[in-house]
Amino acid sequence: MEAVVFFVAAIGALGGAIGVIAMRNPFYSVLALIVHLFSLAALFLLLTSAFVAAAQVVVYAGAVMVLYVFVVAYVGGGGESAWEPIPGQRFLAPLLGIALFVELSIAVLGSALKALETEGPDVKAGFGDPAAIGRLLLEKFLLPFEASSILLLLAAVGAIVLAARRQETNA
Amino acid sequence: MTGTAWAWLVLLFPLLGSIVIALGYKALPQKAAGMIGTAAIGLSFACGIAALISLLGEDADARHHASSLWDYASVAGLDIKLGIYLDQLSIFMVLVVTGVSTLIHLYSYGYMQSDEGYHRFFSYLNFFVFSMLLLVLAGNFVLLIVGWAFVGFASYALISFWYRRETATRAGMKAFVINVVGDIGLVLAAFLIFRELGSFDYGTVFERAPEVFSVNEWSVTAICLLLLVGAFAKSAQLPLHTWLPDAMEGPTPVSSLIHAATMVTAGVYLIARTHVLFALAPTAADISAFVGLATLLVAATIALVMTDLKRAIAYSTMSQIGYMVVGVSIGAYGAGMFHLMTHAFFKALLFMAAGSIIAAMANEQNIDRMGGFAKAMRFTSVTMLCGGLALAAFPLTSGFFSKDEILAYAGARGGMYLIFVVLGYFGAFLTAIYTFRLIFRVLQGEPCAEARELIETGHVAHEAPKNPATGEPEDTDVGFPGPEHHIAETSAPMRVAMGVLAFLALVGGLVQVPGVDNVISDFLDPAFEGPVLSHVHPSIEWDWIGLAIGGIISLAGIWAAHWLYVANPERPRALEQRFQALHDFLFHKWYFDEAIDLLVVRPALAIGRFANRTFERFVVDGLVTGTEETVRSAGGIVSRAQNGFVRSYALLLIAGFAGLALYFLLSSS
Amino acid sequence: MNITWYIVLSSLLFATGVLGILLRRSPLVILLCLELMLNAGNLALVAFSRMVGNEQGQVFAVIVMVIAACEVVVGLGLIVAIFRRRLPLNVDDLRELRG
């Protein structure tokens with residue numbers, strides 16, 4: 001049963017990914033990414049990470065993608081061909097991508113880390129619960145937690161500054 | 001105080017004088033500089049006398065001392081000390097050098113008075129005397145080379161003293177370069193001595209040499225030949241003599257001191273000092289004697305046609321040094337040194353008188369334009385006549401006794417050496433002729449314009465100074481023959497110096513009259529004791545016969561000069577036209593300058609040009625430009641990676657990452 | 001399904017993201033591909049967290065999500081600014097930082 005869910009979610013994720021890179025219209029790419037994100041949430045659930053899955057759906061698919069949709073709607077685009085490498089990198093780019101995947105796979109498959117072949121230790125009932133995550137965030141990882149909130153503030157300010165209309169100065 | 005302590009003082013005073021005058025040249029008034037300079041050498045002379053007295057108080061055999069101030073290099077078999085060697089030969093040279101130098105300093109005190117570079121002159125002159133004394137007193141070959149090199153430098157500095165004159169600077173460079181050639185010979189000789197004998201120290205070298213070398217072995221011959229190269233360069237013997245006439249570009253006191261009495265005798269001193277080595281290499285000694293003989297004759301013939309007064313006297317110097325070289329090469333050390341001393345007296349005097357006359361002629365040096373100074377400048381003419389008589393070996397003058405003693409010694413050795421006797425007397429004949437040619441031309445006859453002006457008004461001619469060689473006007477601002485001209489009649493210091501020398505030139509020979517006294521030889525001979533060279537002494541009868549022949553030849557020469565140049569005013573020109581080719585050959589100094597230019601200078605320049613065109617351009621430039629091109633093209637290649645495309649940067653990033661991952665995968669497998 | 005499957009899937013998604021960055025011209029799509037890569041990293045983090053048995057990897061994944069959000073915000077702000085100035089929305093034409 002679990003294997004079936006896994007493969008469905010995996011295919012969804014891969015399909016979404018390929019859709020992102022292959023679609024001509026950027027709007028369709030955004031939609032493909034949303035599919036991808038949902039699939040990933042399913043995968044997270046398979047890994048008993050309930051909170052992360054929920055955050056993925058709510059934050060990523062819900063907020064970030066909506067932002068994307070707005071911008072794509074504003075900016076428009078589309079009509080360009082999907083495959084547009086820099087001349088001179090026609091073969092190098094796919095080659096490197098494939099090479100990267102192959103190397104990482106070899107690293108993983110040939111790894112001496114025996115735990116990779118297990119499904120992980122048996123975990124308690126509250127593994128991956130918001131309570132557990134919350135406890136960690138406020139006890140052990142307080143500093144990263146606070147730092148990321150500052151980062152969010154910076155990003156917001158930065159975005160406003162970047163996208164603000166230029167003030168027309170009268171002579 | 002011990003003799004060597006006095007000897008160190010002898011070295012100290014001129015050095016101090018030079019430094020004090022150099023450092024205080026702005027502060028010291030002109031007279032003070034002159035007085036300090038002269039006093040320094042005078043003190044040196046006094047210390048030399050003290051050292052002599054100390055030496056005389058010892059046994060004749062024990063009169064040699066070495067003393068060193070500190071170890072210069074004491075490593076791995078090398079043991080070079082800053083040391084002097086005081087024996088009869090060195091004290092003799094010290095006395096001659098300091099004595100004549102004191103008089104010349106006195107002369108310069110008056111002669112250079114209106115020269116802007118007065119302080120510089122005395123500083124250089126003192127430094128020169130210091131270097132010469134260092135050379136003479138040195139106790140090992142290293143210090144000898146140091147003194148030798150300093151002397152060469154001082155000569156260069158003084159020849160090109162009037163440095164705005166292009167002929168002077170060129171002459172200075174020529175002298176220096178030829179001296180360097182000699183230095184090479186000397187240094188190589190020192191290396192060979194060290195290699196064969198293991199030491200630079202005189203005492204050690206001269207003791208070991210007879211044990212290590214057999215007679216005429218190639219190594220000792222090589223050493224002696226290399227020493228000869230050095231000696232000939234310094235003493236202006238063939239073929240390294242071409243610098244001496246050009247060196248007359250310097251002020252007259254310089255010519256008088258360096259190129260008559262002291263520096264050019266350094267070569268003679270060297271041969272005398274290393275007599276032990278020359279005794280072991282008779283071939284080299286003979287070569288030296290023949291070169292001296294050849295120089296003697298060549299220089300005498302050239303002096304017959306020279307029209308520049310100072311250059312004629314310079315060729316005379318070259319010729320007389322030839323006699324000295326012959327003397328010390330055939331073993332007549334005492335006679336050679338005696339001639340060195342008397343020559344110093346009368347040659348320095350001749351130059352001083354020439355300086356006075358040239359000053360009266362407003363720097364004109366061509367004897368064809370001179371005449372009649374006998375009436376115009378009494379004192380100068382008398383002293384010049386004294387010097388000329390001594391040079392021509394007129395009976396009973398100093399030159400008479402010294403020159404003929406060398407020839408008598410050669411006669412006593414017999415065999416091959418009789419050539420020296422015959423040609424030596426022929427040279428003496430020529431010497432008398434050219435000396436009196438000069439004297440008659442300059443002093444006798446119709447007074448020239450400048451002389452007339454002196455007779456009538458008592459004023460010295462006041463033309464603006466011109467370069468005597470090229471005639472271009474001189475720049476008197478910086479340090480030049482000053483606008484004023486100083487002649488002996490008006491300058492007391494000049495008169496004192498010339499007077500003393502004239503006296504010595506006339507009576508200086510009386511210390512070594514054969515059969516009567518033998519002061520110099522008796523004093524010097526113990527220094528030349530050696531196991532190898534046989535002691536040859538001409539008998540007293542032969543001595544007197546030699547002197548008689550010499551006297552006759554001298555008188556004959558004077559008469560010949562009179563007949564050629566005075567009796568019939570047209571005769572010189574008629575002779576010149578009849579022997580035009582010979583005259584040209586002699587006038588062009590036997591074409592030595594041209595030959596050296598062709599054989600040495602041009603090939604050297606050609607090699608330089610070739611090196612520049614090929615080696616420099618291809619190898620050196622190639623290396624440099626090649627490196628530059630490589631770096632630039634490498635930079636160009638790398639800069640193509642910065643093309644502005646974000647995706648290309650990303651590609652490079654991914655490529656690097658992939659490469660790194662590959663490396664880690666491979667290294668951990 | 002052991003953890004290896006998740007990790008291999010993660011690397012596949014990551015490589016896809018890389019390909020997308022190298023091959024697409026529009027900055028919007030490039031940003032989307034960046035999201036792909038970040039999510040692939042998140043997947044790997046969560047998988048390892050499950051493998052190890054504590055939730056620290058999941059906390060890390062949450063923080064990554066925060067960072068991704070910030071980055072998207074700034075990136076999209078840039079794109080909007082570019083669009084407003086009527087510049088071509090094409091990474092190849094925006095190349096003034098050239099060496």
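# Salt bridges and chain contacts in a predicted model

Q: How many salt bridges are there over all chains?
A: The count over all chains comes to 12 salt bridges. Keep in mind that this is a predicted model.

Q: Why would side chains pair like that at all?
A: Side chains of opposite charge can pair when their charged atoms come close.

Q: Give me one. What does B:Asp593 form a salt bridge with?
A: B:Asp593 forms a salt bridge with B:Lys174. The closest N and O atoms of the two are 2.9 Å apart.

Q: Where do those two lie in chain B?
A: B:Asp593 lies in helix 26, residues 592–639, and B:Lys174 lies in helix 6, residues 166–197.

Q: What about B:Asp597, which side chain does it meet?
A: The side chain of B:Asp597 meets that of B:Arg602 in a salt bridge, at 3.0 Å from N to O. B:Asp597 is partly exposed, with a relative accessible area of 25%.

Q: Which residues are linked in a network of salt bridges?
A: B:Arg165, B:Glu249, B:Asp308 and B:Arg311 are linked in such a network.

Q: Moving to chain C and chain B. How many salt bridges are counted between them?
A: The count between chain C and chain B is 1 salt bridge. The side chains of C:Asp92 and B:Arg647 meet in a salt bridge, with 2.7 Å from N to O.

Q: And where do C:Asp92 and B:Arg647 lie?
A: C:Asp92 lies in the segment after helix 3 of chain C. B:Arg647 is in helix 27 of chain B, residues 646–668, so the pair joins two chains.

Q: Are they buried or exposed?
A: C:Asp92 is buried, with a relative accessible area of 14%. B:Arg647 is buried too, with 1%. Both values fall under 20%, which is why they count as buried.

Q: What else is at that interface?
A: The contact takes 14 residues from chain C and 10 residues from chain B. The area buried between chain C and chain B is about 1000 Å², and carbon and sulfur atoms give 60% of it. There are also 4 residue pairs in polar contact across the interface.

Q: Which helix of chain C gives the most to the side that touches chain B?
A: Helix 1 of chain C gives the most, with 4 residues. By class, the side of chain C that touches chain B divides into 8 nonpolar, 1 polar and 5 charged residues.

Q: Now chain C and chain A. How many residues are in contact?
A: On the chain C side, 70 residues are in contact with 85 residues of chain A. The area buried between the two chains is about 7100 Å², of which carbon and sulfur atoms give 76%.

Q: Which three residues of chain C supply more of that than any other three?
A: C:Met1, C:Arg24 and C:Arg50 do, with 10% of the area that chain C buries against chain A.

Q: How many salt bridges and polar contacts there?
A: The count of salt bridges between chain C and chain A is 0. For polar contact, the count is 15 residue pairs.

Q: Which helices of chain C supply residues to the side touching chain A?
A: Helix 1 (3–23), helix 2 (27–52) and helix 3 (56–84) of chain C each supply at least two residues. Helix 3 gives the most, with 23 residues. By class, that side of chain C has 48 nonpolar, 14 polar and 8 charged residues.

Q: What is chain A made of, in helices and strands?
A: Chain A has 6 helices and 0 strands.

Q: Is chain A compact or spread out?
A: Chain A is more spread out than a compact globule, because its radius of gyration is 21 Å, well over the 16 Å that the globule rule gives for 171 residues. The C-alpha atoms of chain A fill a box of roughly 70 × 45 × 30 Å along the principal axes.

Q: How much of chain A counts as buried?
A: Of the 171 residues of chain A, 36% count as buried.

Q: Last one. Where is B:Thr342, and what does it touch?
A: B:Thr342 is in helix 15 of chain B, residues 333–360. Not counting residues up to four places away in sequence, B:Thr342 touches B:Ser398 and B:Ser402. At 0% relative accessibility, B:Thr342 counts as buried.

How values were computed
Residues numbered from 1 in each chain as written. Chains lettered and ligands numbered in written order. Predicted model: local features only at pLDDT ≥ 70, side-chain atom pairs only at ≥ 80, totals over all residues. Heavy atoms only, no water. Contact = heavy atoms within 4.5 Å. Buried area = accessible area lost by both parts, 1.4 Å probe. Salt bridge = Lys/Arg side-chain N within 4 Å of Asp/Glu carboxyl O. Polar contact = N/O pair within 3.5 Å; in protein donor to acceptor, adjacent residues only side chain to side chain. Nonpolar A, V, L, I, M, F, W, Y, C, P; charged D, E, K, R; others polar. Buried < 20%, exposed > 50% of the residue type's maximum accessible area, 1.4 Å probe, protein only. Rg over C-alpha atoms; globule rule 2.2 N^0.38 Å.
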